[in-house]
Amino acid sequence: MDGAIADAAQNGADWKVGVDIGGTFIDFCALEACSGRVASLKVLTTPEDPGAELMTGLALLAEREGFDATRMTRFVHGTTVGINTIIQRKGALLALFTNAGFEDVIELARLRMPDMYSLFCSRPEPLISRDMVFGIPARMRADGSETQAPDMAAVERAVATAKANGTQGIIVSFLHSWRNAAQEASVKAAIARLAPELFVFTSAEVWPVIREYERSSTAILNGYVHPRVSGYLTALEERLKDRDVPARPMLTKSNGGLMNAAEGKRACVNMLLSGTASGVIGASWLARQAGEDKVLTLDIGGTSADFALIIGGDPQFGTGELIGEFPLHIPSVSVSSIGVGGGSIASVDAQGVLRVGPESASSTPGPACYGRGGERATVTDAMVVCGWLGHSEMAYGQLRIDTGLAHRAVGELAARLGRPVEHTAQAILDIAVSEMFVEVEKLASRAGVDLREFTLMPFGGGGPMLGAFLARELGMKRVMAARRPGVVSALGGLVADLRGDFIRTIFSPLSVASLPAIREAFEALAQEGRGWLAAQGHEAAAELNLSCDMRYVGQSYEIEVVLSPEWLVDGDAEAVERAFHLTHEQLYDFHDPEGEIELVNVRLSAVGTGPALSFPQTDEIDAPAVPARRLPVYTGLSVETVDLHDRQTLVPGSTFRGPAVVVQEDTTFAIPAGTQARVDRHLNLLLTFAE
């Protein structure tokens, strides 16, 4: 802890702030550590000036909550700048230097189509056009020995051509650099001499993993977003400095951990899924606090719905998550997404079929009911027409719902369909829920879980609006919504740990003789991990988690198996073998006791535990909740008069039955019929469905 932070912590309030920027809102979750008081806020995003909304939010927190930026000792920030750059294809113009003869590596990819069953499916255009890919005569063997040194004359010609074509940066990716990165390093050094104004990334420094496509594509994603992310983070640091904020800005990462802003400018690829991962981390923390062992998270924002599984209180991790149309091959919190959110636009296609999404109204102009210029019907407008939404101010008083504009927008679709307005609005909601249902079923099938054993945790501004309806369709028995579900992603930044992932490819059969090589790789990674934590400012003990990517000989792809370092120290190859068989059995319901096993990668996760935070708890006192008033809602079959509850008046032990509407500062909770609601001692709102 540096001097400024120490002074801030000692002189009065100690504020810890988590911030998450989505497509429509930026969310704030601020904890005054001395008192345990939590302040939260939502502010509309400013796509034309990313980061300006952050200063607006801090000013509003100061005005409304007595927040003092000069007393901020922790500032964690998640942003969609990187992923939006890829989705909108507004990244840097790049060139790729690879081995001569391998110029088509990113176009060939893995020869997979996004949808193998569609006759009209096509692969996305690469982020680097074919005329900006340059083959350099050079060759490295798989064992790391060099057979042909890079042709520096070819490098010089390629740099000249790339510059003439307007490139902003160069990605260098050669064969087998996971084994020996010397050729990539020498070419990078040559480019730096020839064109110091260009930024250069090598595949080995971004993610040194076997398989040239995965290594190349990850490095390309890193370079593609680098100028915008680096510029954004530089502006962020300057804005915080101008407000005399003593805390160094930390960034949420795709793996659910944190890193400092200085690293974020270089390792941009690590923060592409920061927002979605942060939400799952926040949900995991809330689940553990509430004693929930199995949770399906549902994060609905303005543009998308994101789903993840929490098992044993911990999120699930994986690789190959999609960033727009491109796979990301670094460890990430496993999240499935679909383009259905509160701002998803409903339309009628040429065949007269009603569709929802993936086009979104975003924050500008937003749903029609926001009164900000939007004219097309969205999921939010459908909620207003049905009567679930629009009974209080939204987003901490920043939005007032105009029911007339919502009826007009949905009415235009109703006229085209020849159906009543309420029926059309309900159809929009049904389609949105059904599309989410399909995606969740895919997730459950891949994970091999029974969702009837899980609790649904909806969050984000739109999660509570549709979550209970989705849970009912999935046959789930319980729904749990936190006290402030609209800012769970911002909370995730507050409770997240520092986490760095490191990898070495070793490619060796599993045997007693191979364990020393694994142990040597683990020790090297452990040293690298501790050094990384030290660079982040973490001085306490580190948690080092070891795993290996393994497979049966002959298999094309491997699975990740958690290992104990003691097995390596003791030379216990049988324990490693048992762990692999068990993991394979859990994933595929099959293992081969006689099969030969191959080790591919050694992985290490270095974790620096974040601050221990806790929120106040209150004993439950059984008492029926008293509704603020009653209102008409179209529930799908008819208009019913239902209770409206103010979340601030619900205390631990409050109970009521659905159908009902619960309004609060950051969202609205729509509760269908056949549910029993109760508030627990953590102020979570729990729903149970009748059998």
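How many residues has helix α16, and what does it reach from its first C-alpha to its last? Good morning. Before I reply, please note that this is a predicted model, in which local features need pLDDT of at least 70, side-chain atom pairs count only at pLDDT 80 or more, and totals for chains, interfaces and linings use all residues. Residues are numbered from 1 along each chain as its sequence is written, and side-chain values use heavy atoms, with hydrogens and water left out.

Helix α16 covers residues 515-535, has 21 residues and reaches 30 Å, close to the 30 Å expected at 1.5 Å a residue. The expected span is 1.5 Å times one less than the number of residues. Helices here are DSSP runs (H or I, at least four residues), numbered from the N terminus.

Next, which residues of α16 are buried? Buried means under 20% relative accessible area, exposed over 50%, and partly exposed in between (1.4 Å probe, protein chains only). The buried residues of α16 are Leu-515, Ile-518, Ala-521, Phe-522, Leu-525, Ala-526, Gly-529, Trp-532 and Leu-533. They lie on the same side of α16, because they cover an arc of only 145 degrees around the axis; the arc is taken from the directions from the helix axis to the C-beta atoms. Exposed on the other side of α16 are Glu-520, Gln-527 and Ala-534. Just after α16, Gly-537 has a positive phi of about 90 degrees.

Finally, I turn to the cysteines. A search of the whole structure finds zero disulfides, a disulfide being a pair of cysteine sulfur atoms within 2.5 Å. The sulfur of Cys-369 is 12 Å from the closest cysteine sulfur, in Cys-386, and therefore too far for a bond. Cys-369 is buried at 0% relative accessibility.

Terms used. Helices (H or I, at least four residues) and strands (E, at least two) are DSSP runs, numbered from the N terminus.
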